[in-house]
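Reader: Could you take me through one part of this model up close? I'd like one residue first, and then whatever else you can tell me about the packing.

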Amino acid sequence: MTHNAIFETDLPFPMTRGKVRDVYDLEAVLPGHVLLVATDRVSAFDVVMPTPIPGKGTLLTEIALFWFRHFDDVRNHLSDQAWPAELEPFSDVLDGRSMLVRRVDVVPFECVVRGYLAGSGWKDYQATGRIGGIELPTGLVDGDRLPEPIFTPATKATTGHDENVTFDQMADAIGGELASTLRDRTLDLYRRASDHAGDRGILLADTKLEFGLNTDGQIVLADEIFTPDSSRYWPADTWQPGGPQQSFDKQFVRDHLASLDWDKTPPGPALPDDVIAGTVARYQHARDVLTRP
């Protein structure tokens with residue numbers, strides 16, 4: 001099942017390797033630009049699995065590009081510059097899975113918004129009745145819709161675990177004005193994306209966005225946006241609070257891993273063919289439905 005999958009890339013430019021993306025510094029050939037390459041790696045519980053998901057990177061890129069263009073009133077990091085000729089020899093690897101973007105100074109927080117109770121938010125709520133310092137009503141169950149979407153930032157981690165923090169902690173680190181603007185912008189984008197997905201029978205349970213500042217100090221939407229890697233998507237017609245939900249994201253991988261005798265530390269276990277095929281099918285369905293006119 002892993003034939004033609006791209007686990008990692010090797011271009012002759014300075015590179016930083018994230019959990020899923022290989023990020024190349026193109027300063028030498030196109031000043032002020034970087035190349036984001038979405039590989040077929042998949043991470044779960046903040047561990048990169050040794051088995052790639054064929055075609056996942058192209059699906060992620062297609063979905064991210066759709067959303068960037070859908071929100072054409074929001075400044076983003078996509079570049080309209082011509083691709084440098086130096087990338088042409090690698091077109092067979094890059095086509096469909098890469099984005100040429102302008103360099104930004106990335107804000108060191110994940111801008112997380114939750115409309116439903118799930119994942120680490122559900123765990124925090126069980127333990128404290130709160131998520132990110134926000135007190136929630138008592139008696140909620142796994143999968144419940146929250147009274148209103150909430151902003152619950154997290155620290156960014158290239159490796160290891162992101163950590164949920166309070167809005168005040170974020171504001172102390174980057175300044176109250178910037179933190180408030182990012183909170184408001186994240187909540188607005190979430191509501192708009194939720195409306196779009198909801199019209200197509202999909203619930204956007206939660207998501208995380210990343211922002212940066214360009215050379216003019218303007219806020220720029222960066223990285224990926226509303227992909228199945230950064231969001232929880234549930235079919236609306238099967239949503240039933242009280243337990244785990246069916247999903248169109250990598251929850252399918254997490255559920256498989258949770259059934260194993262694995263301590264959630266590297267190295268991750270190899271993924272079987274049925275999990276690989278099921279994950280591809282879910283990402284394809286999300287792409288087909290979300291990008292439908």
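Does Ser79 count as buried or exposed?

Author: Keep in mind that we're looking at a predicted model here. Ser79 counts as buried, because its relative accessibility is 18% and the cut-off for buried is under 20%. As for where to find Ser79, go to the loop between H1 and helix H2 (91-94).

Leaving out residues up to four places away in sequence, Ser79 touches His33, Leu100, Val101 and Arg102. With His33 there's a polar contact, side chain to side chain, of 2.8 Å. The Ser79 side chain also reaches the backbone nitrogen of Gln81, at 3.0 Å. And take Val101 from that list: Ser79 and Val101 are 22 residues apart along the chain, yet their C-alpha atoms are separated by 4.8 Å.

H1 covers residues 56-70, and its partner here is helix H7, residues 273-290; their axes come within 10 Å and cross at roughly 20°. That angle makes H1 roughly parallel to H7, and the crossing is left-handed. On the H1 side, the contact is made by Lys56, Leu59, Leu60, Glu62, Ile63, Phe66 and Trp67, while H7 brings in Val280, Tyr283, Gln284, Arg287 and Leu290. Sort the residues of this H1 and H7 contact by class and you get eight nonpolar, one polar and three charged. As for the spacing of residues in a list like that, an α-helix has 3.6 residues a turn, so residues three or four places apart point the same way.

H6 and H7 pack at an angle of about 155°, with 9 Å between their axes, so the two are roughly antiparallel to each other. Here Phe252, Val253 and His256 of H6 meet Asp274, Val275, Gly278, Thr279 and Arg282 of H7. By class, the residues of the H6 and H7 contact come out as three nonpolar, three polar and two charged.

Stay with H6 for a moment: Gln251, Val253, Arg254, His256 and Leu257 are buried there. What do the buried residues of H6 pack against? They pack against strand E4 (43-44), strand E15 (231-235) and H7.

Setting aside neighbours within four places in sequence, the contacts of Thr207 are Cys111, Val112, Val113, Tyr190, Phe226, Ser230 and Ser231. Thr207 is buried, because its relative accessible area is 2%, and buried means under 20%.

One last stop in E13 is Glu210. Glu210 is buried as well, with a relative accessible area of 12%. Its contacts, not counting residues up to four places away in sequence, are Val106, Glu110, Lys156, Val220, Leu221, Ala222 and Asp223.

Key: Residues are numbered from 1 along each chain as its sequence is written. This is a predicted model: local features need pLDDT of at least 70, side-chain atom pairs count only at pLDDT 80 or more; totals for chains, interfaces and linings use all residues. Side-chain values use heavy atoms; hydrogens and water are left out. Axes are lines fitted to C-alpha atoms, for helices over the stretch in contact, and angles run from 0 to 180 degrees between N-to-C directions. Helices (H or I, at least four residues) and strands (E, at least two) are DSSP runs, numbered from the N terminus. Angles under 35 degrees count as roughly parallel, over 145 as roughly antiparallel, 65 to 115 as roughly perpendicular and the rest as oblique. A crossing is left-handed if the near helix is turned anticlockwise from the far one by less than a right angle, and right-handed if clockwise. Contact means heavy atoms within 4.5 Å. Ala, Val, Leu, Ile, Met, Phe, Trp, Tyr, Cys and Pro count as nonpolar, Asp, Glu, Lys and Arg as charged, and the others, Gly among them, as polar. Buried means under 20% relative accessible area, exposed over 50%, partly exposed in between (1.4 Å probe, protein chains only). A polar contact is a pair of N or O atoms within 3.5 Å; within protein, one must be able to donate a hydrogen and the other to accept it, and residues adjacent in sequence count only if both atoms are side-chain atoms.
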